[in-house]
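Here's a quick briefing to read with the model open beside you. Take the topics in any order you like.

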Amino acid sequence: QVQLVESGGGLVQAGGSLRLSCAASGRPFSRYNMGWFRQAPGKEREFVGGISWSGSRTDYADSVKGRFTISRDNAKNTVYLQMNSLQPEDTAVYYCAVDSRYSGTKNYTTEYEYHYWGQGTQVTVSS
């Protein structure tokens, strides 16, 4: 089992920045790819970005490319989502998730490929 706890959400004005954290526990973290997803009211959960277990590869949704950056610190069992130039359309609950395939070779973009989820953290961007 893996437990994930997101933090860092909040209310920010358009153009501002937030940094989300996702702390993992319960299983060695360093060999699993991680993903960030978000779900806006009335919409399906969507892929935001993913990072490989080594941190060497990141992938992003087109809607956040160039504004959001994913990183990880395996020594701290934590993955981060730095969000810059936030817009009202970025308002959503943000979730981190673990792909429990050991040393996975791909950052999957669909939620069913991820096996453990955090409870989510709310990000609200005001115009």
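How many bridges join β7 to strand β8, and in which sense do the two run? Six bridges link β7 with β8 (residues 78-83), and the two strands run antiparallel. Keep in mind that this is a predicted model. A search through the whole structure turns up one disulfide, and the largest nonpolar core has 34 residues.

**The four-stranded sheet**

- The order in this open sheet of four strands is β1-β3-β8-β7, and the pairing is antiparallel.
- Its edges are β1 (3-7) and β7 (68-73), each of which pairs on one side only.
- On average, neighbouring strands of this sheet are turned by 15° against each other, ignoring direction.
- At the β1 end, five bridges hold β1 and β3 together in the antiparallel sense, and Val5 has Ala23 in β3 as its bridge partner.

**Met83 and Gln82 in β8**

- Setting aside neighbours within four places in sequence, Met83 is in contact with Gly16, Ser17, Leu18, Leu20, Arg67, Phe68, Tyr94 and Val123.
- Gln82, also in strand β8, is partly exposed, with a relative accessible area of 26%.
- Gln82 touches Ser17, Leu18, Arg19, Arg67, Phe68 and Thr69, again not counting residues up to four places away in sequence.
- The C-alpha atoms of Gln82 and Leu20 are 6.4 Å apart, although 62 residues separate the two along the chain.
- There's also a side-chain to side-chain polar contact from Gln82 to Asn84, at 2.9 Å.

**The nonpolar core**

- Which members of the 34-residue core touch the most other members? They are Leu4, Trp36, Leu81, Met83 and Tyr94.
- At least two core residues come from each of β3, β4 (33-39), β5 (46-51), β7, β8, β9 and β11 (121-126).
- The largest share is five residues, and β9 supplies it.

**The disulfide**

- Cys22 and Cys96 are the joined pair, with an S to S distance of 2.0 Å.
- Cys22 belongs to strand β3 (residues 18-25) and Cys96 to strand β9 (residues 92-99), so the bond ties together parts that lie 74 residues apart in sequence.
- The torsion about the S-S bond of Cys22 and Cys96 is about 60°, so this disulfide is right-handed.
- Are the two cysteines buried or exposed? Cys22 and Cys96 are both buried.

**Two aspartates to click on**

- Asp99 lies in strand β9 and is buried, with a relative accessible area of 1%.
- The side chain of Asp99 makes a polar contact of 2.9 Å with the side chain of Arg101.
- Leaving out residues up to four places away in sequence, Asp99 touches Tyr32, Asn33, Lys106, Tyr108, Glu113, Tyr114 and His115.
- Asp59 belongs to strand β6 (residues 58-60), and its side chain has a polar contact of 2.8 Å with the side chain of Asn107.
- Beyond its neighbours within four places in sequence, Asp59 is in contact with Phe47, Val48, Gly49, Gly50 and Asn107.

- Where does Asn77 sit? Asn77 is in the loop between β7 and β8, and its phi is near 55°, a positive value in a residue other than glycine.
- Asn77 is partly exposed, with a relative accessible area of 27%.
- Ser103 isn't a glycine either, yet its phi is positive at about 55°; look for Ser103 in the loop between β9 and β10 (116-117).

Conventions:
Residues are numbered from 1 along each chain as its sequence is written. This is a predicted model: local features need pLDDT of at least 70, side-chain atom pairs count only at pLDDT 80 or more; totals for chains, interfaces and linings use all residues. Side-chain values use heavy atoms; hydrogens and water are left out. Two strands pair if DSSP finds at least two bridges between them. Axes are lines fitted to C-alpha atoms, for helices over the stretch in contact, and angles run from 0 to 180 degrees between N-to-C directions. A disulfide is a pair of cysteine sulfur atoms within 2.5 Å. Buried means under 20% relative accessible area, exposed over 50%, partly exposed in between (1.4 Å probe, protein chains only). A polar contact is a pair of N or O atoms within 3.5 Å; within protein, one must be able to donate a hydrogen and the other to accept it, and residues adjacent in sequence count only if both atoms are side-chain atoms. Contact means heavy atoms within 4.5 Å. A nonpolar core is a set of buried Ala, Val, Leu, Ile, Met, Phe, Trp, Tyr and Cys residues joined through side-chain atoms within 4.5 Å.
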